[in-house]
Amino acid sequence: MERAFANRTEAGCLLAEKLIKYADRDDAVVLGLPRGGVPVAYEVAKRLRAPLDVFIVRKLGVPGFEELAAGAIASGGVRVLNEDVMRAIPHGDEAIEAVTARETAELERREHEYRDGRPAPELRDRVVILVDDGLATGATMRAAVKALRQSGAAKIVVAVPVGPPDTCHEIEQDADETICLSTPEFFQAVGQYYEDFSQTSDDDVRELLSGAVQAQPASGKQEQE
């Protein structure tokens, strides 16, 4: 499929059809990577009648060379470090502790803002369906998968509408199951495969999460959790 998706809503609906085997499962949870992954994840969660939440990943940039990632932190207090980069940084441990503290504060701020005080879901022993609006380098998604491994998830399913073939293949090595609806050979950017790729705001994320919570009791299944 090389045509563009109309928007993230359509992409989520199409992605959900490939995940239908996870519908109505008590152990499944859908996590969207903010911000653009949340509208896609919302449609997946709605179709599967599964709970929806966010999984936030923050890069740990090397001080003075912020584009170079020494690692990442993610929801649940998990930190993943790139040991090769760490060894090359003078006083690396000390430097990264400071960066970690700053990024942890931002991660916690976003979690509080998005969830509106609701607790984070328990991920241990669950099937986690990790959704974004597309992959480019895949660095954030790989960090998210590693963090979920540490959180004790039983199975990690990465699901995205579009991504370059090599990146999707790399993610396949890390996740238990990977679904990339479209893998165009001459990939340039995620946005080129959407007719409407307008920015998702923090308010949009909050509204989608709140709407998903309100819709949950109707499924009946998650009321028991």
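A disulfide here is a pair of cysteine sulfur atoms within 2.5 Å. I start with that rule since the cysteines come up at once. What we are looking at is a predicted model, where local features need pLDDT of at least 70 and side-chain atom pairs count only at pLDDT 80 or more, while totals for chains, interfaces and linings use all residues. Residues are numbered from 1 along each chain as its sequence is written, and side-chain values use heavy atoms, with hydrogens and water left out.

Cysteines, then. How many disulfides does the rule give? The count is one. Cysteine 168 is joined to cysteine 180, with 2.3 Å from S to S. The torsion about that S-S bond is about -110 degrees, so the disulfide is left-handed. Cysteine 168 sits in helix H6 (residues 165-174) and cysteine 180 in strand S8 (residues 177-182), 12 residues apart. On those labels: helices (H or I, at least four residues) and strands (E, at least two) are DSSP runs, numbered from the N terminus. Both cysteine 168 and cysteine 180 are buried, where buried means under 20% relative accessible area, exposed means over 50%, and partly exposed lies in between, with a 1.4 Å probe and protein chains only.

Cysteine 13 counts as partly exposed, at 37% relative accessibility.

Next, the sheet. Five strands form an open sheet with parallel pairing, in the order S2-S1-S6-S7-S8. Two strands pair if DSSP finds at least two bridges between them. Strand S2 (52-54) and S8 are at the edges with a single partner strand each, so one side of each has no neighbour in the sheet. On average, neighbouring strands are turned by 25 degrees against each other, direction ignored. For such angles, axes are lines fitted to C-alpha atoms, for helices over the stretch in contact, and values run from 0 to 180 degrees between N-to-C directions.

Inside the sheet, strand S6 (residues 127-131) and strand S7 (residues 155-162) run parallel and are joined by five bridges. Valine 127 stands opposite lysine 155 in S7. Helix H5 (residues 139-151) lies across strand S1 (28-32), S6 and S7, and runs at about 165 degrees to S7.

Now the rings. Rings of Phe, Tyr and Trp (its six-membered ring) pair if their centres lie within 6.5 Å; planes under 30 degrees apart count as stacked, over 60 as edge-to-face, and the rest as tilted. That gives three aromatic pairs. One of them is phenylalanine 5 with tyrosine 194, a tilted pair with 5.5 Å centre to centre and 45 degrees between the planes. Phenylalanine 5 lies in the segment before helix H1 (8-17) and tyrosine 194 in the loop between S8 and helix H7 (202-215), so the pair ties together parts that are 189 residues apart in sequence. Phenylalanine 5 is buried at 1% relative accessibility, and tyrosine 194 is buried at 5%.

Phenylalanine 187 and tyrosine 193 have ring centres 5.6 Å apart and planes at 15 degrees, so that pair is stacked. Phenylalanine 187 is buried, at 17%, and tyrosine 193 is buried at 7%.

Phe5, Tyr194 and Phe197 make up one aromatic cluster. Over the face of phenylalanine 197 lies arginine 8, at 4.4 Å from the ring centre; the rule is NZ of Lys or CZ of Arg within 6 Å of the ring centre and within 35 degrees of the ring normal.

Terms used: Contact = heavy atoms within 4.5 Å.
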